[in-house]
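Subject: Structure handover

Hello,

Here is the structure I promised to send over. Please open it alongside this note, as my findings follow below.

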Amino acid sequence: MNIKWLIRSQSIVTLASGMIYPYYLLFLKNLGNSFSKYGLAFAVFTISSAAASQWLAPRMDRQAKPWLIVSAVGMAAAMIAFPWVTSYIWVLLLQIIMGICNAMQRMSERVLLADYTVAGQRGPAVGNYHFWTSAASGFAVIVGGVLIDWLTIDVLFYLSAILYMWGALAVWRLRSKAEEQPMAKG
């Protein structure tokens, strides 16, 4: 099966996340927070992601594409909200939302990789997926570093939100086309 759409959409999402996350610490330092608070914020992200995975797991087989869209839209909303945050408690709340979105994204991509590949022949497709999403991540850090020298960190959050929405749109368009095809055959 063709998984190019998954590779493209998730490379865009990886670009969005990789562009902002290395510079996220600068944002927290601008709030006057410490490295220990950064650690706590990241722990809240990972723990909420782990907790959400338990609720999402039974729903993934039937709803992976919609969860992938919701994940990207949720991350875009969080990126738009971050520049407006003035309190550490809001950072923690956004981290919870981002952790939940991360669980949706990671679990969806894995389920869809399995769905769009054949058992015993997954290696090349998974390798291609990993190559492009990893390349997007590396490119994102470089782009983020260049942009942050020219722009503000707030603009970097907004650009990240745009990329997340682009990733959501890529999955939505594919989902819409897939839903139209059976009707055309009938």
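First, a definition for what comes next: on a 1 Å grid over the protein atoms alone, a pocket is an open set of points where a 1.4 Å probe fits, with protein on both sides within 12 Å along at least five of seven lines. Lining residues have an atom within 4 Å of a point. A volume is the space filled by probe spheres set on the points, which are joined across faces, edges and corners.

Two notes on the source. This is a predicted model, in which local features need pLDDT of at least 70 and side-chain atom pairs count only at pLDDT 80 or more, while totals for chains, interfaces and linings use all residues. Residues are numbered from 1 along each chain as its sequence is written, and side-chain values use heavy atoms, with hydrogens and water left out.

The largest pocket has a volume of about 390 Å³. It is lined by 22 residues, and Thr14, Ser17, Asn102, Gln105 and Arg106 are the closest to its centre. Helices here are DSSP runs of H or I with at least four residues, strands are runs of E with at least two, and both are numbered from the N terminus. By class, the lining has 10 nonpolar, 10 polar and 2 charged residues. For these classes, Ala, Val, Leu, Ile, Met, Phe, Trp, Tyr, Cys and Pro count as nonpolar, Asp, Glu, Lys and Arg as charged, and the others, Gly among them, as polar.

The second largest pocket holds about 270 Å³ of space. Its lining has 12 residues, with Trp5, Arg8, Ala170, Arg173 and Leu174 nearest the centre. H1 and helix H7 (153–185) are the elements that give two or more residues to this lining. H7 supplies the largest share, 6 residues. The classes here are 6 nonpolar, 2 polar and 4 charged.

**Overall build**

The chain has 7 helices and 0 strands. Along the sequence the pattern reads α-α-α-α-α-α-α. There are 186 residues, and 45% of them count as buried. Buried means under 20% relative accessible area, exposed means over 50%, and partly exposed is in between (1.4 Å probe, protein chains only).

**Salt bridge**

How many salt bridges does a search of the whole structure find? It finds 1. The term means a side-chain nitrogen of Lys or Arg within 4 Å of a carboxyl oxygen of Asp or Glu. The partners are Glu109 and Arg106, with their closest N and O atoms 3.2 Å apart. Both sit in helix H5 (residues 88–115), 3 residues apart, so about one helical turn separates them. Glu109 is buried, at 6% relative accessible area. Arg106 is partly exposed, at 34%. In general, side chains of opposite charge can pair when their charged atoms come close.

**Surface patch**

Ile89, Trp90, Leu93, Ile96 and Ile100 make a nonpolar surface patch of about 450 Å². Patch residues have over 30% relative accessible area and no salt bridge; like charges are joined within 9 Å, and nonpolar side chains (Val, Leu, Ile, Met, Phe, Trp, Tyr) within 5 Å. Areas come from the Shrake-Rupley method with a 1.4 Å probe, and for residues only the protein chains shown count as cover. Ile100 lies in helix H5. It is partly exposed, at 32% relative accessibility.

**Contacts across the sequence**

- Gly144 is in helix H6 and is buried, at 0% relative accessibility. Its C-alpha atom is 7.8 Å from that of Gly18, 126 residues away along the chain.
- Ile142 is also in helix H6, but counts as exposed at 55%. Ile142 and Gly18 are 124 residues apart in sequence and 9.1 Å apart in space, C-alpha to C-alpha.
- Asp154 belongs to helix H7 and is partly exposed at 28%.
- Asp115 is in helix H5 and partly exposed at 40%. Asp115 and Ala64 are 51 residues apart in sequence, with C-alpha atoms 9.9 Å apart.

Best wishes
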